[in-house]
Each structure stands twice: as C-alpha cells, then as structure tokens.
Amino acid sequence: MPAEILYIKNMVCDRCKKTVTKILCDLGIEHKPVLLGEVHLAKQIDKSLKEKLNDRLLAEGFEIIDNRKSRIIEQIKKSLIELIQNAYPDKRINLSKYLAQQLNHDYSYLSNLFSSVEGKTIEHYFIQQKIEKVKELLVYDELSLSEIAYRLGYSSVAHLSNQFKKETGLTSSHFKTIGSSKRQSLDSL
C-alpha cells in the first residue's frame, strides 16, 4: 500500500510531536518524523488500527482530521504558530500574503473559512497566539519588553503594551508580577 498522511488537530508544540510519536510507536505504526499537525506514515493503515490511533490521540487531546476544510484550518494555525515560534525571520511580513503563499489558497477564502469555523478572525487568533508568546517570554524574564516587541514583530513597545492590555486586561508589568497562573495552553485558544 502507498504511504499515507494523517492530519492531527491540536498539535502546537514539540511536546505534542513527542506525544504523538510515542503513540505511533506504541501501536507499532511505521512513520517518518512527526511534524506539527501531520504524520507521514510509511504505509496506509487499516480502519481498525486508525480507530485505535484516534482513540489514543483523543485521550491526549489530539484528533485525526478527516475533512479538507478542517485540515486547512489546522494548517493555518500551524503556519501562524511556526511564524511566532521562529521569532519572525522577516519583521515586515504581510500576514495575508504569507498565509496565501504557505497554503496555496486565496487569502479571502482562508479568512472566510477560518472565521466561519473558529468564530474569530485569523488576525485575532494570531494576536492571541502572540500575546501567549509574550506571556511566556515575560515569565522567563530573560528579555526586556522592547526585545520581546522586536522579536514578535511589533512596531513599538507601546503597540505591544496596548495590545497586551486589550487582550488580557492587565499591564505587562502587572502580569510579570503574578506570573504563569494567567497563561493558557496554545491549543485552548
């Protein structure tokens, strides 16, 4: 049988990839290295094994995505998370052009699909992801607010501060004092 690609919902970090890899190994499913949101199998698996895999994935907060629209939404999320995690290699990036290029779809189609399914715009989801990254960096206390703003592509510290306050209801300095208790996991956004 030819190789198969499975798309997995809620894979947002390296720990997720390790968890999915362990599940695949436990079930004896041959695969290539696991990527965010997708698994390349060495060969197709039968329906019963796929159901076992999905049950194990569901127990860990993941899920096999079977329809095309859901796969596109997960690819949008994956692309945005990777962009944030890679600390914006190009600080002048245009989000709509970036996503259209990454997913080979017109941005208006991607935007309408995402909004209709997720109940929020791509831009708002992206801002939420960036704010969670800001929280993470604030808790680590290794970078100044201006370094964080630059790393995440904000035009200024004031822009970051305003967006942080709007999203969290807290100033960044107040958040820093209360720490990680206010952080959310990326898959819950």
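**View 1. Lys-133 is buried in this predicted model****.** The relative accessible area of Lys-133 is 11%, which places this residue under the 20% limit for a buried residue. Its salt-bridge partner is Glu-136, and the closest N and O atoms of the two side chains are 3.2 Å apart. Glu-136 likewise counts as buried, at 16% relative accessibility. Both residues belong to helix H6 (residues 122-140), where a spacing of three residues separates Glu-136 and Lys-133 by about one helical turn.

View 2. Helix H1 (residues 14-26) holds both Lys-22 and Asp-26, which lie four residues apart, or about one turn of the helix. Asp-26 is partly exposed, and its relative accessible area is 42%.

**View 3. A salt bridge connects the side chains of Lys-77 and Glu-118****.** The N to O distance for this pair is 3.2 Å. Lys-77 lies in helix H3 (residues 68-85) whereas Glu-118 lies in helix H5 (residues 107-118), so the contact ties together parts that are 41 residues apart in sequence. Lys-77 is buried, with a relative accessible area of 10%, while Glu-118 counts as partly exposed at 24% relative accessibility.

**View 4. The structure as a whole holds ten salt bridges****.**

Note on methods
Residues are numbered from 1 along each chain as its sequence is written. This is a predicted model: local features need pLDDT of at least 70, side-chain atom pairs count only at pLDDT 80 or more; totals for chains, interfaces and linings use all residues. Side-chain values use heavy atoms; hydrogens and water are left out. A salt bridge is a side-chain nitrogen of Lys or Arg within 4 Å of a carboxyl oxygen of Asp or Glu. Helices (H or I, at least four residues) and strands (E, at least two) are DSSP runs, numbered from the N terminus. Buried means under 20% relative accessible area, exposed over 50%, partly exposed in between (1.4 Å probe, protein chains only).
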